[in-house]
Amino acid sequence: MAQTSPSFSPSSIFLIIIVILCFSPNPSVSANTDSFLYGGCTQQQFTPNSAYESNLDSLLTSLVNSATYSAYNNFTILGSSAPDVVYGLYQCRGDLSMPDCAACVAGAVTRAGALCEQRCGGAVQLEGCYVKYDNATFLGVEDKTVVLKKCGPSVGYNSDAMASRDAVLTGLAGSGGPFRNGGSGKVRGMAQCTGDLSFAECQDCLGEAIGRLKNDCGTADYGDMFLAKCYARYSTGGSHGYSKAHEKSNGEGEKTFAIIIGLLAGVAILIIFLAFLRKLCEDRGK
Ligand SMILES: *[C@@H]1O[C@H](CO)[C@@H](O)[C@H](O)[C@H]1NC(C)=O
Ligand SMILES: *[C@@H]1O[C@H](CO)[C@@H](O)[C@H](O)[C@H]1NC(C)=O
């Protein structure tokens with residue numbers, strides 16, 4: 001049997017694995033932030049190679065660059081003539097790190113480009129960020145149009161679960177700031193406004209989203225209510241991360257985890273093999 005040399009004992013391999021696990025990003029979180037939630041485009045189209053297209057390109061570049069240092073920003077690209085003006089904003093989820101925000105916005109811009117080819121305006125919402133651009137201004141305008149509503153399967157009426165869901169949602173409605181994250185027991189809630197709304201507008205928008213969640217999702221085990229400028233979501237799933245409530249994301253998290261475990265097994269085998277080689281060389285040297 002191959003005996004491992006002292007410097008690569010099984011316990012040191014374990015230590016290496018633990019160190020790698022601690023420093024690798026949380027698989028379920030990173031797999032989730034770029035999941036697609038919804039997208040839409042305007043009917044109007046622009047002419048290829050026009051001044052509008054070049055303005056739109058500089059706008060999208062500005063959005064992606066800005067996301068490396070700020071969770072929200074807006075841009076207006078005037079260009080040389082007034083009819084070619086383009087407006088845009090992005091908003092990252094308030095709990096994302098800057099690198100994750102930048103990666104998410106880059107992903108959303110790519111999605112919008114594919115989805116809204118040659119369209120004047122487009123919007124894409126991923127799990128971790130939102131991007132919107134148009135030639136008509138929408139910056140600083142509150143908009144409570146429902147753009148995505150999803151209610152999970154009904155779990156039947158469970159007064160405890162519903163009471164804590166309602167308490168979490170009430171907590172979200174009452175706390176300030178454009179990003180709100182809360183929970184109680186297994187219930188998680190999250191709410192976000194785009195950064196262009198005033199405090200009062202954000203309150204009003206979230207009030208509407210939360211009211212609709214309670215009303216439309218009834219006793220569902222999770223609910224997502226996305227309005228044009230804000231959203232509110234909850235899950236009663238009992239998992240650590242909010243978005244784990246969705247089965248698709250769960251699968252992705254597990255896949256990432258399986259890949260990491262596979263890589264670790266590969267590293268462990270490599271270390272054992274190296275130790276074996278070293279032992280072999282030492283034996284020859286004697
Ligand atoms: C946006 O562009 C379309 C197509 O060029 C045009 O018909 C529309 O009037 C523009 N809207 C604004 C607000 O400029
Ligand atoms: C847009 O960005 C500018 C400069 O960053 C800022 O002063 C302005 O308040 C923003 N407008 C909105 C509506 O967010």
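A residue is called buried under 20% relative accessible area, exposed over 50% and partly exposed in between, with a 1.4 Å probe and protein chains only. By that scale Asp204, at 36% relative accessibility, is partly exposed, and Lys144, at 32%, is partly exposed too.

This is a predicted model, in which local features need pLDDT of at least 70 and side-chain atom pairs count only at pLDDT 80 or more, while totals for chains, interfaces and linings use all residues. Residues are numbered from 1 along each chain as its sequence is written, and side-chain values use heavy atoms, without hydrogens and water.

The side chains of Asp204 and Lys144 form a salt bridge, N to O 2.8 Å; the term stands for a side-chain nitrogen of Lys or Arg within 4 Å of a carboxyl oxygen of Asp or Glu. Nine salt bridges are found in the whole structure. Another joins Arg233 to Glu127, with the closest N and O atoms 3.0 Å apart. Both of these residues are buried, and they belong to a network of salt bridges that links Glu127, Lys150, Asp224 and Arg233. Asp95 and Arg93 also pair, at 2.8 Å from N to O; Arg93 is buried at 8% relative accessible area, whereas Asp95 is partly exposed at 38%.

A nonpolar core is a set of buried Ala, Val, Leu, Ile, Met, Phe, Trp, Tyr and Cys residues joined through side-chain atoms within 4.5 Å. The largest has 26 residues, of which Leu56, Leu59, Tyr90 and Val105 touch the most other members.

Key. Chains lettered and ligands numbered in written order.
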